[in-house]
Amino acid sequence: MPDAIKILVADDHTVMRSGLKLLLEGESDFEVVGEATTGGEATRLCAQLQPNVVLMDIGMPEMNGLEATRVIKKENPSIHILVLTMHRSEEYFFQMLEAGASGYVLKGAETGELIHAIRAVAQGDVFLYPSMARRLVQEYLSGLEVTPSSEPSLTPREREILRLIAGGYSGKEIAEKLVISPSTVHSHSTNLMAKLNLNTRHELVRYARDHGLLP
Amino acid sequence: MKISIVFVIWTNPLFLESIRALLNHPEIQLVGDSSDVSQAQKEITSLRPNVVIIEGNPDGNPIDSETLPILKSGPRVIQMNMGDNEIYIFQHQHRTLVDAKDLLTIILEKGDVE
């Protein structure tokens, strides 16, 4: 039988914390190794008990769940943080993910969802409550929409020259290939660097590689 | 052994499950639960619990127009929420005045909490 998943419950709400402990102990593969009522206590108990998963509330006295997550992930990167909160706001959601949380579950969840989430994050997976996952996808898609317009627009000739530079061709070789003068190639290269805010040929090559412009 | 009969009105499933786990006690019998207040009122009338636990909204009133009829029907009402550790306890009492002095007696009575 595999080792039980060691869980620390960090929540200042007395009924929730005690009730959750009893609920989770009903699962044969779970072991609740500790309870914390503040973020500071959670960080201390993590160092002492080395749980696999911390069930982390956000609003707690002394040190909130966000700060506690940052501290725990810095000191014990292998501990997985699963946020269990009333907060539906995007601000908390993204801040907790940035702090290193592996999952985000709302207290409105079904018990089965919470149990599934604990097992998922214990395995190193990410679990996001469906409504919060949708926000993450929306954020990602909006980022995709913004990216192209924020990139400098290159002319077809500039893109062609950038591709050849990235392909290792010299200025003279590019001039011969495109049947233009070396000074014209040099002029295009200068424009490229100015548009892309780059300073060297090496940076041009790296830009082309990062943007899928290799020949 | 006196058994307390308890009914739970809930909003969040985890609240109900946590309460259910905590009420596992030989002197407590959880007779029912509902997430619908109207349905709960009918079941409370039928099941006649001593105590009704209500999961309230952290930003709402402890007792509102929906829960007042439950309080009037007799059980002790314990209202709590998942946002903080505050707990509100309500007990409806009904008496008939025989003498005007009875009013003074009631006013001067010490409550459960000083």
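A residue counts as buried when its relative accessible area is under 20%. Keep that cut-off in mind as we walk through this structure, which is a predicted model.

Let us start with A:L8, found in strand β1 of chain A, the stretch covering residues 5–10. Its relative accessible area is 0%, so A:L8 is buried. What does A:L8 touch, once residues up to four places away in sequence are set aside? The list includes A:V33, A:G34 and A:E35. Further along the chain, A:L8 also touches A:A42, A:L45, A:C46 and A:L49, together with A:P51, A:V53, A:V54 and A:L55.

Next come the aromatic rings. A pair of aromatic rings is described by two things, the distance of the centres and the angle of the planes. Over all chains, the count comes to 2 aromatic pairs. In one of them, the ring centres of A:F93 and A:F94 are 5.0 Å apart and the planes meet at 55°; planes over 60 degrees apart would count as edge-to-face and planes under 30 as stacked, so this pair is tilted. Both A:F93 and A:F94 are buried.

A:F93 also pairs with A:Y104. Here the centres lie 5.0 Å apart and the planes stand at 85°, which is why the pair is edge-to-face. Where do these two partners sit along chain A? A:F93 belongs to helix α4 (residues 90–99) and A:Y104 to strand β5 (residues 103–106), so their pairing ties together parts that are 11 residues apart in sequence. Are these two residues buried or exposed? A:F93 counts as buried because its relative accessibility is 0%, and A:Y104, with a relative accessible area of 0%, is buried too. Taken together, the ring pairs link A:F93, A:F94 and A:Y104 into a cluster.

Stay in this part of chain A for a moment and look at the loop between α4 and β5, where A:S102 lies. A:S102 has a relative accessible area of 10%, and because that is under the 20% cut-off, A:S102 is buried. Leaving aside neighbours within four places in sequence, A:S102 is in contact with A:H80 and A:I81, and also with A:V121, A:D125, A:V126 and A:F127.

Now step back to see how chain A is divided. The domain assignment gives domain 1, running over 5–142, and domain 2, running over 156–210. The C-alpha centres of these two domains of chain A lie 50 Å apart.

Finally, turn to chain B. How many helices and strands does chain B have? Its secondary structure comes to 4 helices and 5 strands, and along the sequence they follow the pattern β-α-β-α-β-α-β-β-α. The C-alpha trace of chain B spans about 50 × 35 × 30 Å along its principal axes. Of the 114 residues in chain B, 33% count as buried. Among contacts in chain B between residues at least 6 apart in sequence, 61% join residues at least 24 apart.

As for charge, chain B carries 9 positive and 16 negative side chains, with the centres of the two sets 10 Å apart.

Definitions and conventions: Residues numbered from 1 in each chain as written. Chains lettered and ligands numbered in written order. Predicted model: local features only at pLDDT ≥ 70, side-chain atom pairs only at ≥ 80, totals over all residues. Heavy atoms only, no water. Helix = DSSP H or I, 4+ residues; strand = E, 2+ residues; numbered from the N terminus. Buried < 20%, exposed > 50% of the residue type's maximum accessible area, 1.4 Å probe, protein only. Contact = heavy atoms within 4.5 Å. Lys, Arg positive; Asp, Glu negative; His and termini not counted. Charge placed at Lys NZ, Arg CZ, Asp CG, Glu CD. Domains from an automatic or database assignment. Phe/Tyr/Trp six-rings, centres within 6.5 Å; stacked < 30°, edge-to-face > 60°.
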